[in-house]
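Okay, thanks for making time, everyone. I'd like to walk you through a few spots in this structure, so let me put it on the screen.

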Amino acid sequence: MTRNFSLIQILLLVFAWECCARAAAIFIDTINTQILLNGIVPKVNEQFLRPAEAPWHLGFSTLPNIGGGTVNDIKVNVDLNENGGLVFDVTKHGAKADGETDDAQAFMTTWIAACRNTVGPAKFLIPQDIFLVGPVTFAGPCKSFPITLENQGTVKATTDISAYSSSEWFSIEDVTGFILTGSGVFDGQGVSSIKFSRLNHTIIDGLTSINSMGFHTSVFYCYNFTATNMKITAPHNSPNTDGMHLSTSKLVTISNSIIGTGDDCVSIGHSTENIIITNVTCGPGHGLSVGSLGKYSKEKGVYDVLVKNCTIFNATNGARIKTFASPIPGLASRIVFEDIVMYNVKIL
Ligand SMILES: *[C@@H]1O[C@H](CO)[C@@H](O)[C@H](O)[C@H]1NC(C)=O
Ligand SMILES: *[C@@H]1O[C@H](CO)[C@@H](O)[C@H](O)[C@H]1NC(C)=O
Ligand SMILES: *[C@@H]1O[C@H](CO)[C@@H](O)[C@H](O)[C@H]1NC(C)=O
Ligand SMILES: *[C@@H]1O[C@H](CO)[C@@H](O)[C@H](O)[C@H]1NC(C)=O
Ligand SMILES: *[C@@H]1O[C@H](CO)[C@@H](O)[C@H](O)[C@H]1NC(C)=O
């Protein structure tokens, strides 16, 4: 679906608190939380707006310290040579790709080769085949930088529940310069999800995730995380399948994506700052939300959130700030929902 947002003059906005008034230990800073009809983009966020581009155009000209020494002057805009040593194809590291054998071990072996045993840019490639994969952890820190996971295939989660020790299927942890790309599909088959934890400078460009259980993707403890061109879908009646859940993260941009999971499309949890969500189409589901806040005693607030140029349809709610019925104090401040188009949205 395409829309010309420049024509849209109307903003419809609904704040609905999950819980009743007595639950309002979270102070929603109404002075700083603006509801703009045709307002300005707040200055605090503007500097972080970046165009949605293919990752190799984003220019990693200065590379961060990746631990154990600084890698300088790597040109990441070079095409990685499919015949060279820098592409790690899972089928060349033991993956059967028959859609029946669990290829989890081969995926992890491939990750270790790409991440730990390589200096410079590396690509983990899932080619155009069908893979059955149990839970995998892709842990850093990596010597390679950046490290790209390109999925061109269909990766299906094992449906054997006993294989999972948690709800995570793919867990990507402690990496700097992680890039996820490719037009392939991650099919959670109703059992699993993808978690990004403790990542710095991440680009997700083109994630397709279907049929996850629980949150499709979660972003935890990440700094500078950009996700664009995502397509995240699940049957509309699936429970608690938030498209992307953020918590304890700074500088997150989600753009140009279609998310229809039956639950929150994007949920912005506690301890988050500088979050931008633009051109996301949400529905069917529960709309876009901040929260739920007030669950953990040590959580920090939610600051500087801009949700702009988004469409919400067939949803039980539009834009929300949600709290638990708890005595834990908190603050949600400088939150802007602007130019949001809604249709078939229930107003509670
Ligand atoms: C919102 O859409 C308008 C019109 O398409 C565009 O000019 C503007 O840059 C967009 N804003 C953001 C923050 O994406
Ligand atoms: C990410 O950056 C933080 C702050 O600089 C640092 O403490 C952390 O180790 C980095 N994480 C990785 C995976 O490099
Ligand atoms: C965020 O990461 C991108 C690459 O992913 C990089 O180009 C950009 O400079 C980073 N921004 C900050 C503020 O670190
Ligand atoms: C908005 O996102 C859709 C994909 O959901 C994309 O096709 C479209 O080009 C994006 N619009 C802009 C102005 O980037
Ligand atoms: C949205 O709701 C309308 C009316 O209930 C329904 O006809 C349509 O199929 C729904 N669309 C999606 C994508 O669920």
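This is a predicted model: local features need pLDDT of at least 70, side-chain atom pairs count only at pLDDT 80 or more; totals for chains, interfaces and linings use all residues.

The UniProt record, which is an unreviewed entry, puts the feature "active site" at His286. So where does His286 sit? You'll find His286 in the loop between strand 21 and strand 22, the latter being residues 288-293. And is His286 buried or exposed? His286 counts as buried, because 25 C-beta neighbours lie inside 10 Å, and the cut-off for buried is 20 or more. If we leave aside the neighbours within four places in sequence, His286 is in contact with Asp263 and Asp264, and also with Ala315, Thr316 and Asn317.

Asn274 has a positive phi of about 55 degrees, and it's not a glycine. Just as background, most residues other than glycine have a negative phi. Asn274 is buried too, with 20 other C-beta atoms within 10 Å.

Arg334 also has a positive phi of about 55 degrees without being a glycine. Arg334 is in strand 25, residues 330-345.

Next, the backbone around two prolines. As a reminder, most peptide bonds are trans. But the bond from Gly140 to Pro141 is cis, with omega near 0 degrees. Pro141 belongs to the loop that links strand 6 (136-139) and strand 7 (144-151). Then, going from Phe145 to Pro146, the peptide bond is cis as well, with omega near -10 degrees. Pro146 is in strand 7 itself.

Last stop, strand 12, residues 193-197. How many of its five residues are buried? Four of them, so strand 12 is mostly covered. On one pairing, strand 9 (residues 168-173) runs parallel to strand 12 over five bridges, and Ile172 stands opposite Phe196 of strand 12. Strand 12 is also joined by four bridges to strand 15, residues 217-220, again in the parallel sense. There, Ser197 stands opposite Phe220 in strand 15.

Notes: Residues are numbered from 1 along each chain as its sequence is written. Chains are lettered from A and ligands numbered from 1 in the order in which they are written. A residue is buried if 20 or more other C-beta atoms lie within 10 Å of its own, exposed if 12 or fewer, and partly exposed in between; C-beta atoms are placed from the backbone. Two strands pair if DSSP finds at least two bridges between them. UniProt positions are given in the numbering used here, feature names are shortened, and annotations may be inferred rather than shown by experiment. Two residues are in contact if their C-beta atoms, placed from the backbone, lie within 7 Å.
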